[in-house]
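Me: I'd like to go through this model piece by piece. Here it is.

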Amino acid sequence: MTTHTQNNLQYQGPPAETYDGLVSSLPPRPLHDETDYDNAVEMLGNLIGFDLNADQEDYLVALSTFVEKYEDEHPETQWNLDHLTGLDMLRSLLKDHGMSGADLSRLLGVSRAMGPMLLRGERAITASHARVLGKHFALDPGAFIR
């Protein structure tokens with residue numbers, strides 16, 4: 001797995017179907033430096049927000065534990081998201097996951113035009129939308145309302 005800057009990632013989904021396959025891509029182990037951390041975060045991006053099977057979910061939990069521990073010990077990894085709006089967060093996640101406004105419409109179960117309207121800021125993200133987005137991207141739904 002290569003190291004990338006956060007802004008240039010395009011998440012493709014889980015690189016393997018089985019726990020063993022994921023472990024062979026990136027073993028879940030304590031993170032010792034920034035490269036370990038960047039690789040683990042990249043892998044998490046390939047898992048979060050995608051439909052996962054039980055093996056993939058178990059791997060996600062294991063890897064997340066090591067990432068959380070590293071972040072707790074390294075304050076420089078903490079992102080200040082206070083300046084981001086819910087729409088900013090949504091746009092970033094869609095970009096990272098290669099999703100379009102039409103994909104957003106399908107995810108939310110709304111008309112095809114609604115997703116692009118949300119992304120342009122012509123319509124507000126509702127609490128119902130936030131719950132769907134929170135579940136899909138494994139985030140607190142409140143992140144999409146601010």
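Me: Before we get to what covers what, which distance makes a contact?
Reply: Contact means heavy atoms within 4.5 Å. This is a predicted model, where local features need pLDDT of at least 70, side-chain atom pairs count only at pLDDT 80 or more, and totals for chains, interfaces and linings use all residues. Residues are numbered from 1 along each chain as its sequence is written, and side-chain values use heavy atoms, with hydrogens and water left out.

Me: OK. How many helices and strands are there?
Reply: Seven helices and zero strands. Helices (H or I, at least four residues) and strands (E, at least two) are DSSP runs, numbered from the N terminus.

Me: Why call it as compact as a globular protein of that length?
Reply: The radius of gyration is 16 Å, close to the 15 Å that the globule rule gives for 146 residues, so the protein is as compact as a globular protein of that length. The radius is taken over C-alpha atoms, and the rule is 2.2 Å times the number of residues to the power 0.38. Along the principal axes, the C-alpha atoms fill a box of roughly 45 × 35 × 25 Å.

Me: What share of the residues is buried?
Reply: Buried residues make up 38% of the 146. Buried means under 20% relative accessible area, exposed over 50%, and partly exposed in between (1.4 Å probe, protein chains only).

Me: And the contacts, how much comes from residues 24 or more positions apart?
Reply: Such residues account for 64% of the contacts with a separation of 6 or more.

Me: Back to cover, then. Which residues of H4 are buried?
Reply: In helix H4 (residues 86–96) they are Gly86, Leu87, Met89, Leu90, Leu93, Leu94 and Asp96. Their cover includes helix H5 (101–108), helix H6 (114–120) and helix H7 (127–137).

Me: What about the phi of Gly98?
Reply: Gly98 follows H4 and has a positive phi, near 65°.

Me: New topic: how many aromatic pairs?
Reply: The count comes to three. Rings of Phe, Tyr and Trp (its six-membered ring) pair if their centres lie within 6.5 Å; planes under 30 degrees apart count as stacked, over 60 as edge-to-face and the rest as tilted. One of the pairs is Tyr19 with Tyr59, edge-to-face at 5.8 Å centre to centre and 75° between the planes.

Me: Which parts does the Tyr19 and Tyr59 pair tie together?
Reply: Tyr19 lies in helix H1 (residues 19–25) and Tyr59 in helix H3 (residues 54–73), so the pair ties together parts 40 residues apart in sequence. Tyr19 is partly exposed at 27% relative accessible area, whereas Tyr59 is buried at 0%.

Me: And Tyr37 with Tyr70, stacked or edge-to-face?
Reply: The ring centres of Tyr37 and Tyr70 are 5.0 Å apart and the planes are at 20°, so the pair is stacked. Tyr37 lies in helix H2 and Tyr70 in helix H3, so this pair ties together parts 33 residues apart in sequence. Tyr37 is buried at 10% relative accessibility, and Tyr70 is buried at 7%.

Me: Is Asp36 buried or exposed?
Reply: Asp36 is buried, with a relative accessible area of 17%. Its place is in helix H2 (residues 34–47). Not counting residues up to four places away in sequence, Asp36 touches Arg29, Pro30 and Leu31.

Me: Last one: how far is Leu31 from Lys69?
Reply: They are 8.4 Å apart in space, C-alpha to C-alpha, and 38 residues apart in sequence. Lys69 lies in helix H3 and is partly exposed, with a relative accessible area of 48%.
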